[in-house]
Amino acid sequence: MNSEDIPEIRGFRTRAMVWLLHQFFIVRRGMTLGVRAACFDAEGRIFLVRHTYVPGWYMPGGGMERHETARAALTKELREEGNLEILGEPQLVHVYYNRNASKRDHVLFYRLTVEQTAPRAADREIAESGFFALDELPKDTTTATRRRLKELSGDVETSDFW
């Protein structure tokens, strides 16, 4: 009788091989995932941030960490970037492939209503932030941000690319 005839050993070897293949694919085909949100206040204004390290105005968001849910990442990023509290349930709008960031980046894009608990002071990450009427966006609002807002309003078809 050899070890292949013992079910426990055969099962262990199969599990070990599956684990090794997963590790290989994480390195070979790893994917990054982030969240971003169109955050509207009770007056229908959109919340935007201007970072210190890239030009333009963006909707708040960021990358998901290992073992972090999308909801937890969304809650964390909105709190960090704008002192924003989510009201109601976030609506997942679309999942985008962000080929501008890397060959493996995807963004979960949400629409939600928020309340700001306190004004967000500038720091090393966020230069400015605030709520803006949709017809009075800052001049240097990014193309992607403007495109997402047009998709939300139904003015353009939703793209699969950020």
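This is a short tour of the predicted model, stop by stop.

Local features here require pLDDT of at least 70 and side-chain atom pairs pLDDT 80 or more, while totals for chains, interfaces and linings use all residues. Residues are numbered from 1 along each chain as its sequence is written, and side-chain values use heavy atoms, with hydrogens and water left out.

**Whole chain.** Show the cartoon: the chain has 3 helices and 7 strands, where helices (H or I, at least four residues) and strands (E, at least two) are DSSP runs numbered from the N terminus. Their order along the sequence is α-β-β-β-β-α-β-β-β-α. Of the 162 residues, 35% are buried (buried means under 20% relative accessible area, exposed over 50%, partly exposed in between; 1.4 Å probe, protein chains only).

**Largest nonpolar core.** Select Cys39, Leu74, Leu78, Tyr110 and Leu112, which touch the most other members of this 17-residue core. A nonpolar core is a set of buried Ala, Val, Leu, Ile, Met, Phe, Trp, Tyr and Cys residues joined through side-chain atoms within 4.5 Å. Two or more residues each come from β1, β2, α2 (70-82), β5, β6 and β7 (126-132). Apart from this core lies another, of 14 residues, including Ile46, Met59, Phe132 and Ala144.

Now centre on Tyr110. Leaving aside neighbours within four places in sequence, its contacts (heavy atoms within 4.5 Å) include Val35, Ala37, Leu74, Pro90 and Val93.

**Helix α3.** Select residues 143-153; the buried ones are Ala144, Thr145, Arg148, Leu149 and Glu151. These lie on the same side of α3, because they cover an arc of only 160° around the axis, taken from the directions from the helix axis to the C-beta atoms. Their cover includes β1 (32-40), β2 (46-51), β3 (57-58), β5 (84-97) and β6 (105-116). Glycine 154 follows α3, with a positive phi near 85°.

**Salt bridges.** The structure holds 9 salt bridges, each a side-chain nitrogen of Lys or Arg within 4 Å of a carboxyl oxygen of Asp or Glu. Select Arg45 and Asp41: their closest N and O atoms are 2.6 Å apart. Arg45 is partly exposed at 27% relative accessible area, whereas Asp41 is buried at 10%.

Next, select Glu128 and Arg50, whose closest N and O atoms are 2.8 Å apart. This pair links distant parts of the chain, with Glu128 in β7 and Arg50 in β2, 78 residues apart.

Finish at Lys76 and Glu77, a salt bridge with closest N and O atoms 3.9 Å apart. Both Lys76 and Glu77 are buried.
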